[in-house]
There are 2 protein chains.
Amino acid sequence: MKVAGKPMRTIWAEPDGAVGIIDQTLLPHQLATVRLETPEAAAHAIRAMLVRGAPLIGATAAYGMALAMRRDASDTALDAASALLLATRPTAVNLRWAIEEMGTLLRPLPQGERAAAAWRRAGEIAEEDVALNRAMGRHGRKLIEAVWLREAKRRPVEVLTHCNAGWLATVDWGTALAPIYAAHEAGIPVHVWVDETRPRNQGASLTAWELLQHGVPHTVIVDNAGGHLMQHGRVDLCITGTDRTTAAGDVANKIGTYLKALAAKDNGVPFHVALPSPTIDWSIEDGVRDIPIEERDPGEVTEIAGRLPDGGTARVRLVPEGSAAANYAFDVTPARLVTGLITERGLCAASREGLLSLFPERRARLAGE
Amino acid sequence: MKVAGKPMRTIWAEPDGAVGIIDQTLLPHQLATVRLETPEAAAHAIRAMLVRGAPLIGATAAYGMALAMRRDASDTALDAASALLLATRPTAVNLRWAIEEMGTLLRPLPQGERAAAAWRRAGEIAEEDVALNRAMGRHGRKLIEAVWLREAKRRPVEVLTHCNAGWLATVDWGTALAPIYAAHEAGIPVHVWVDETRPRNQGASLTAWELLQHGVPHTVIVDNAGGHLMQHGRVDLCITGTDRTTAAGDVANKIGTYLKALAAKDNGVPFHVALPSPTIDWSIEDGVRDIPIEERDPGEVTEIAGRLPDGGTARVRLVPEGSAAANYAFDVTPARLVTGLITERGLCAASREGLLSLFPERRARLAGE
């Protein structure tokens, strides 16, 4: 998507063999790029969250393996790089997948061919992510277009989103924001209500920044506000991303997604979730029961960083010393509250049958289990 | 309630005729008291939100009238003080009520008697607020006690609250927190989930501070977290305050209250609202339709103040320059989502019949309208 008028991605190969990334910890107040030249640098970028979002983490890990192979293509180096990268964020599904994918490709190859093959495959993994997201954008755009036509093109379509499932979380286009970018590209006016998304504020910082840079009209609101807007007819549809989707269509996503889905249901507002199929966990059904919810550092609740009037940044404490805080990272929205899923193969109901209608190859596999 | 082990109120008469208040803008990081000696100082304290919360604003305005009468007990001074104080926060119901109450009392009196009468009546208004809150605490405590007994006294009762409806919003005891303080006083162990309450963060700053000072166990969570906790059986009941209650039991309260009520309903968690009867607006029924929602400065969303590591305070920007923000102050929770109301006369259903069962004198008046 565009930054200051020019197309940009979250990760790219530099002509000299380094890997470029955006340091997302400095957004939205500063755009800085970083050159990764070693697997250690790639691991640090993932661990310190210079890059975040499951698809982008996967692509960064793949490039990290490529950087490792260029330095030393031995089996020892391959194992060491795999272990190093895998330990950065142990729960990310795409991370494990990308590392295993690279290992499976590289291990049978002669050492002399590994560096080139790794570099090529890392690039493909990045391109595959872009293709998935573009496809979700194309399918999801129809939902926005339908509102635009229903309202006789008289006013912008109002979409509410939670957290950041934009291009910054992927290689390009994003998941939940892909339909919005696709509608914008097609000339359909869209206005996005951007949930601030406490803690970590990915909405107020990342989603707002990328919409601003790409020129998509938007308004930041606190996480508390969406229900009020829906009560008053100010939201046409909600679109969020998901970190994990069960075979029954339950979705785990950033904490607070469930509350927005409840409000959408209560007000007859469609609630859609965009997901590339790799985030579907076909092994579980009941998300509330079976998806473990990560508890993170309470410091993310008690303190917050932002830009000082002089342009510097500071971290300030919000909670009195002595008060406890708890920090649950995700919640689970039951499928009954989800109007539909947006996948790279099309739209479907948030149910086992809905998912199997798009991924029929899973039916045989599930039956065989 | 207690601060550092000693009882304290939000407003008090000093022996020398000044009025003492806590400067709540400095909480939770600093406890500072301020002496009000003129009606102008009282007006400033309300306008600049050194005091906030409808009941406390009313008491401060009453004391402001008393300070005015001591300086000049003429009709002109009475009118000027009324106008000055009324203009501070035009939407607060208690503010208007307190000023009119003082005017009605003082105007018929000889000027020589006005200062003493005003001082006495201001003190009564403060005591009446404490009495209302104590009564709500006594009635609401039963809800907490019932859980304690149901669970065979094996674990603390888990209460979730939103915003600050504690003693800091009143003269003492608070509204939503009064049942919690009453239970705590009765030796019933309570743990409070404190919603951060964006924007303005009254939960993270004020509710957490007053619970901490009084010794009530609590944990601060982001506004997004309550639904997840309720899904997992971690909340026994919700208690919030309200700024305005319709005759049908709809409640307007801090933005985000509606989302918690939806989650409570979805998970079978009782959702109670504590309200002194002066906040009931008997003239309207449908809160979503008829209660206007104040839009405040977007700066409350885009910026936040907190304590720096060196002990100073700073305001930092959270949203990129160029992104719009909107700041809706309240939302309306329909009566169908409210399990019950806690008033100074007892508990009742959130409905016209429920309210009339406790306030039967209104039945005749409503019928006569």
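Colleague: Which strand of chain A does β9(A) pair with over 3 bridges, and in what sense?

Modeller: That's β12, residues 271–274 of chain A, and the pairing is parallel. Keep in mind that this is a predicted model.

Colleague: Which way do the side chains of β9(A) point?

Modeller: A:Leu237 and A:Ile239 go one way, while A:Cys238 and A:Thr240 go the other. In a regular strand, side chains alternate between the two faces of the sheet.

Colleague: Are those four buried or exposed?

Modeller: A:Leu237, A:Cys238, A:Ile239 and A:Thr240 are all buried.

Colleague: Which residue does A:Arg155 meet in a salt bridge?

Modeller: A:Asp236, with N to O at 2.8 Å. This pair links distant parts of the chain, 81 residues apart. A:Arg155 is in the loop between α5 (111–150) and β6 (157–161) of chain A, and A:Asp236 is in the loop between α8 (226–231) and β9 (237–240) of chain A.

Colleague: Is A:Asp236 buried or exposed?

Modeller: Buried, because its relative accessible area is 8% and the cut-off for buried is under 20%. A:Arg155 comes out at 28% relative accessibility, so that one counts as partly exposed.

Colleague: What about A:Arg315, which residue does that side chain meet in a salt bridge?

Modeller: A:Glu303, at 3.9 Å from N to O. Here the two ends are 12 residues apart, with A:Arg315 in strand β15 (residues 313–317) of chain A and A:Glu303 in strand β14 (residues 303–307) of chain A. A:Arg315 is partly exposed, with a relative accessible area of 44%, and A:Glu303 is partly exposed as well, at 27%.

Colleague: Which residues are joined into one network by salt bridges that share partners?

Modeller: A:Glu101, A:Arg121, A:Glu124 and A:Glu128.

Colleague: And which residue does A:Glu37 meet?

Modeller: A:Arg35, in a salt bridge with N to O at 2.8 Å. A:Glu37 counts as partly exposed at 44% relative accessibility, and A:Arg35 does too, at 40%.

Colleague: OK, on to the interface. How many residues of chain B are in contact with chain A?

Modeller: 65 residues of chain B, against 65 residues of chain A.

Colleague: What area is buried between chain B and chain A?

Modeller: About 5,000 Å², with carbon and sulfur atoms giving 60% of that. The size of an interface is often given as the accessible area lost when the parts come together.

Colleague: How many salt bridges and polar contacts are there across the interface?

Modeller: The rule finds 6 salt bridges between chain B and chain A. One of them is between B:Arg307 and A:Glu321, whose closest N and O atoms are 3.0 Å apart.

Colleague: Which element gives the most to the side of chain B that touches chain A?

Modeller: α9(B), with 6 residues. Other elements that each supply at least two include α7 (202–214) and β14 (303–307) of chain B. By residue type, that side of chain B divides into 36 nonpolar, 17 polar and 12 charged.

Colleague: Which strand of chain A pairs with β16(B)?

Modeller: Strand β8 (residues 218–221) of chain A, in the parallel sense over 2 bridges. A:Thr219 stands opposite B:Ala324 there.

Colleague: Last one: in what order do the 4 strands of the open sheet in chain B come?

Modeller: β13-β10-β11-β17, with mixed pairing. β13 (280–281) and β17 of chain B stand at the edges with a single partner strand each, so one side of each is left without a neighbour in the sheet.

Colleague: How do β10 and β13(B) pair?

Modeller: In the parallel sense, over 2 bridges, with β10 covering residues 244–246 of chain B. B:Thr246 is the residue opposite B:Asp281 in β13(B).

Terms used
Residues numbered from 1 in each chain as written. Chains lettered and ligands numbered in written order. Predicted model: local features only at pLDDT ≥ 70, side-chain atom pairs only at ≥ 80, totals over all residues. Heavy atoms only, no water. Salt bridge = Lys/Arg side-chain N within 4 Å of Asp/Glu carboxyl O. Buried < 20%, exposed > 50% of the residue type's maximum accessible area, 1.4 Å probe, protein only. Pairing = 2+ DSSP bridges. Contact = heavy atoms within 4.5 Å. Buried area = accessible area lost by both parts, 1.4 Å probe. Nonpolar A, V, L, I, M, F, W, Y, C, P; charged D, E, K, R; others polar.
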